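Please keep the sequence and the 3D view open while reading.

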Amino acid sequence: MLSENGWVNFWRVLLLVLILVVWQWGDVVNNWLVADFEKSWRKALTIQILEPFFISKPNMIWARFLELGCFTDSKGAWITSQEGGFAGCLAGNTNNLWAATVATLRNTFWGFLVGVGSGVVVGLILGRSDFLAKVFEPFIVAFNSLPRIALVPLIVLMFGLGDASKIMTAWVIVFFIVFFSTFEGARSVDRDHINVARLMGASDWQVTWTVVIPSTLAWVFAVLTPALSFSLIGVIIGEFIGAQIGLGKIIIEAEATLETADMMVALFVLMIVGVGLALMIRRLQAYLLRWQSQFSERA
Amino acid sequence: MTEVSNGARSRIVLNELTKIYGSGGGQVPAVDAVSFDVREGEFVALIGPSGCGKSTILNMMAGLIPISDGEILIDETQVITGTPTPKVGYVFQRDTVFPWRTVRKNIGLGLELNRVPKAQREAEVDRLVERAGLGGFEDAFPITLSGGMRQRVSLMRTLIMRPEILLMDEPFGALDTHTKLEMHKLLLEIWNKEKQTVVFVTHDLGEALTLSDKIIVLSARPGRLKEVFDVPFERPRDAVSLRETPEFSALFSKIWHSLGEEFRRTSAEG
Ligand SMILES: Nc1ncnc2c1ncn2[C@@H]1O[C@H](COP(=O)(O)OP(=O)(O)OP(=O)(O)O)[C@@H](O)[C@H]1O
Ligand SMILES: [Mg+2]
């Protein structure tokens, strides 16, 4: 009746519905168990994790989503019918869902860009110069062995609560990922490829442009996906430690005010953002590396 | 000037060429006092067992690795390591097509490096694509090509520089017999027109006999000059029908015998 793909989708939808149902009404079972058998062994069966205090409920999350996103007011009435409308609502809450998402995305993008850019440049330079590689090696090893997260409070102290500290946090994480990959790539450039260019009269610069950089970029493109997700991680952590705006800020505030629904809204938006970014970067990667076997049509 | 009986001048002269890899205790003698010369427009095959230093000799000719002793003269000028001359083209033993460049951009590499204007470059590339029978694959990446097609790209990439001297290191070593014969046809066609001076390294005696004017047999490692055979077959040659002549078989078995001793020495060693 259904194709294999159809069945896959059927089970996916069923599983989603099941999760939502348990999430929405699971606590009823819980309450019943606790109420009737307060002191009995059945108490052990009550699943604390279904407690709405911790995980909220889909309908509450949806309501908070509409409110934080300036679709409705706090009573659930559509915002367009209110005074000031959508714009007024946005202005009234600096960390509304839209502003927070835009801020987090913007900083993720810049952290990614700066991290990849600097990682590639430093990786290429050290990868092609044995002398510099030796000089810098102990510093890089030392710095790299430091958990980057431990630096975040210092970064916030130095760069303040604004965007700069988030970009810096993303940068210190992304930089090393890209640097190490570029470094490896620059060291493993095929000698014969260089010889081919040299024999055709290529200058040092031309060898760099036509051989070293293209063959190293393959290594860079291969880490674009982790670089982007780590950039997002960096920004969120930066926002946890100190921020005025951002999805991380919504989460950390919700923790303080015990508003799990708000936290869930932010987590869902993050999930969607993460999936979207991953899809985008994968397409970019497939295009840039279309000459490699695993991305070519043939494979 | 080294004048030879038929009047053609020597373009490449090897004088007691020696190569020892490594230093101190770990020295590996790879090439031992090899001397020969290659005349203008001559097609010379260099044949010998694996590890006898054939690639090493070609690398020294191309100026890619330093010479330990002796000398190489190309047009009476000493080859100096690290200073390539545009008149020498080199087709490597390994597949060295740039995987990130399309067929067109691989073939056009040399012209691009030498800043030939785009229109002229494209015209030249189109001509070579046509000649190599790669039409329709101009914009394909090497990963989607067969081994034979990739080797054709390598060859055309070298030929676009119009080298007067062509060094080829087992260019068809990885190809099946049929594809190999196709490549022989293509190479002979080009060579008949342009008469490059060629040094062609191979393991394959049939290939050497099909293509060359002279076969130089090297001994097992360290490579020494063992014997030189003239290949008097008429040109233009047909890669397939040539193999069916009795002259081919006779010369084949004669060289095979000389070569056989060296292959036995190699297998006895390792
Ligand atoms: N870079 C190197 N360092 C040390 N020894 C080397 C190096 N390159 C080659 N050799 C040695 O020199 C000898 C000759 O090598 P070469 O590659 O010239 O052989 P070849 O005749 O081309 O063999 P094949 O037919 O298998 O390609 C071999 O014994 C090899 O181990
Ligand atoms: Mg070799």
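Which residue in β4(B) is the bridge partner of Asn15(B)? The bridge partner is Glu71(B).

## Basis of the report

This is a predicted model, in which local features need pLDDT of at least 70 and side-chain atom pairs count only at pLDDT 80 or more, while totals for chains, interfaces and linings use all residues. Residues are numbered from 1 along each chain as its sequence is written, chains are lettered from A and ligands numbered from 1 in the order in which they are written, and side-chain values use heavy atoms, with hydrogens and water left out.

## The four-stranded sheet of chain B

Chain B holds an open sheet of four strands in the order β2-β1-β4-β5, with antiparallel pairing. Strands are DSSP runs of E with at least two residues, helices are runs of H or I with at least four residues, and both are numbered from the N terminus. Two strands pair if DSSP finds at least two bridges between them. The edge strands of chain B here are β2 (28-39) and β5, each of which pairs on one side only.

Within this sheet, β1 (residues 10-21) of chain B and β4 (residues 69-74) of chain B are joined by five bridges in the antiparallel sense. Two bridges, also antiparallel, link β4(B) to β5 (residues 77-78) of chain B, and Leu73(B) has Gln78(B) in β5(B) as its bridge partner. β4(B) and β5(B) make a hairpin with two residues between them, and Asp75(B) in the turn has a positive phi of about 50 degrees.

## The six-stranded sheet of chain B

Another open sheet, of six strands, has the order β6-β7-β8-β3-β9-β10 (chain B) and mixed pairing. At its edges stand β6 (88-91) and β10 (225-230) of chain B; each has a single partner strand, so one side of each is left without a neighbour in the sheet. On average, neighbouring strands of this sheet are turned by 15 degrees against each other, direction ignored. The axes behind this angle are lines fitted to C-alpha atoms.

β3 (residues 43-47) of chain B runs parallel to β8 (residues 197-202) of chain B, and five bridges join them. Across this pair, Ile47(B) stands opposite Thr202(B) in β8(B).

## Around ligand 1

There are 13 residues around ligand 1, and Ser50(B), Gly51(B), Lys54(B), Ser55(B) and Thr56(B) come nearest. A residue is near a molecule if one of its heavy atoms lies within 4 Å of it. Helix α1 (residues 54-61) of chain B gives the largest share of this shell, three residues. By class the shell has three nonpolar, seven polar and three charged residues. Here Ala, Val, Leu, Ile, Met, Phe, Trp, Tyr, Cys and Pro count as nonpolar, Asp, Glu, Lys and Arg as charged, and the others, Gly among them, as polar.

Polar contacts are pairs of N or O atoms within 3.5 Å. An N or O atom in the side chain of Ser50(B) is 2.5 Å from an oxygen atom of ligand 1, and for the side chain of His203(B) the distance is 3.1 Å. A polar side-chain atom of Arg221(B) lies 3.4 Å from an oxygen atom of ligand 1. Taken alone, ligand 1 exposes 630 Å², and the protein buries 63% of that; these areas come from the Shrake-Rupley method with a 1.4 Å probe.

## Loops of chain B

Arg221(B) is also joined to Pro222(B) by a cis peptide bond, with omega about -5 degrees. Pro222(B) is in the loop between β9 (214-218) and β10 of chain B. A cis peptide bond also joins Arg235(B) and Pro236(B), with omega about -5 degrees, and Pro236(B) is in the loop between β10 and α8 (246-269) of chain B.

Conventions: Polar contact = N/O pair within 3.5 Å; in protein donor to acceptor, adjacent residues only side chain to side chain. Axes fitted to C-alpha atoms, helices over the stretch in contact; angles between N-to-C directions.
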